[in-house]
Amino acid sequence: MIELRHAGIKVSRLGLGTWQFSSKLWGKNLTTTQVSLLLSTAISQGINLIDTAEIYGNGRSERLLGEAILRLDAREKVVVVTKIAGFRKPVFEEFLRAFKNSHKRLGFKPDVVLHHWPPRNINEICNVVNALESLVAQGYVAAYGLSNYGLKELREALNCVRKIEPVANQLQYSLAYRVVEKELLEYMKRNNIALLAWSPLAKGALAGLTEPKNLAQRMDGVFKAASKDEKLQNALNHVAVRHGVSKSTVALAWLISKGAIPVVGTTNPARIVEYAKALSLSLD
């Protein structure tokens, strides 16, 4: 477990994502029973961080997650992060409306709310940050963060903080996509902002998948490049064989060693057990 600074919330070093629960891009539409099995498996493996968003399945992923948590009586065992859509007007009233809708779909208040994408106009970032601060200050949510904010946007966001600082920034980061290492990763560490890594397995390419099985993979340039990168795949395989684990376990352990919190999605409970081995895998 690590603590999200500025909030005192303790989360696992590996998170479970819910985009695949209900998405046309993934070709998935799970039931509450299936989600409950995924969630109970994650909890049994020491994973308490669960990531969702209002746009995943137009709210259905939130609803499924909430139903599963309540069915398992697991509310006190998980930290739920949801995201307010980036297309929403950056004013408190609009953010509050979105938050209340997420609250209703989940059946409880999420623990952390992120802003999904930065506004196109950088001058609106202060409106975003101050609206999120107000959600926390008024007791609607315990903490807030950002998502897909690059170095320029994050610097502006921190300049806009009045009193309550963001606890996390969710970014694309994997062995196949390392843009955040240029400056952003170190900047976030200096400012005690956790990095939640989305697409940590490059949508399956770092698990050894060579051909796309759905639209999400077919549309992803990182998946295409990583699945054909023989040097990377050979290196992953070499380390995996040496440790007696899967490629995906190695890829996730590598991210954890960098200080990131991988948020990995799956619809197969057995994969969660496989991924969780990354929490105890030490790489030289």
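Two strands are said to pair if DSSP finds at least two bridges between them; strands (E, at least two residues) and helices (H or I, at least four) are DSSP runs, numbered from the N terminus. The structure is a predicted model, in which local features need pLDDT of at least 70 and side-chain atom pairs count only at pLDDT 80 or more, while totals for chains, interfaces and linings use all residues. Residues are numbered from 1 along each chain as its sequence is written, and side-chain values use heavy atoms, with hydrogens and water left out.

Strand E6 (residues 49-51) pairs with E7 in the parallel sense over three bridges, and Asp51 stands opposite Val81 in E7. Between E6 and E7 the chain passes through helix H2 (residues 60-72), in a right-handed β-α-β crossover; right-handed here means that, with the strands pointing away from the viewer, the path from the first strand over the helix to the second runs clockwise. E7 also runs parallel to strand E8 (residues 112-115), joined by four bridges, with Lys83 opposite Leu114 in E8. Helix H3 (residues 92-106) carries the chain from E7 to E8, and this β-α-β crossover is right-handed.

Six of the six residues of E7 (residues 79-84) are buried, so the strand is largely enclosed by the rest of the structure. Buried means under 20% relative accessible area (1.4 Å probe, protein chains only). Val79, Val81 and Lys83 point one way, and Val80, Thr82 and Ile84 the other.

Ser147, in strand E9 (residues 143-147), counts as buried at 1% relative accessibility. Leaving aside neighbours within four places in sequence, Ser147 is in contact (heavy atoms within 4.5 Å) with residues including Lys83 and Leu114.

How values were computed: Buried < 20%, exposed > 50% of the residue type's maximum accessible area, 1.4 Å probe, protein only.
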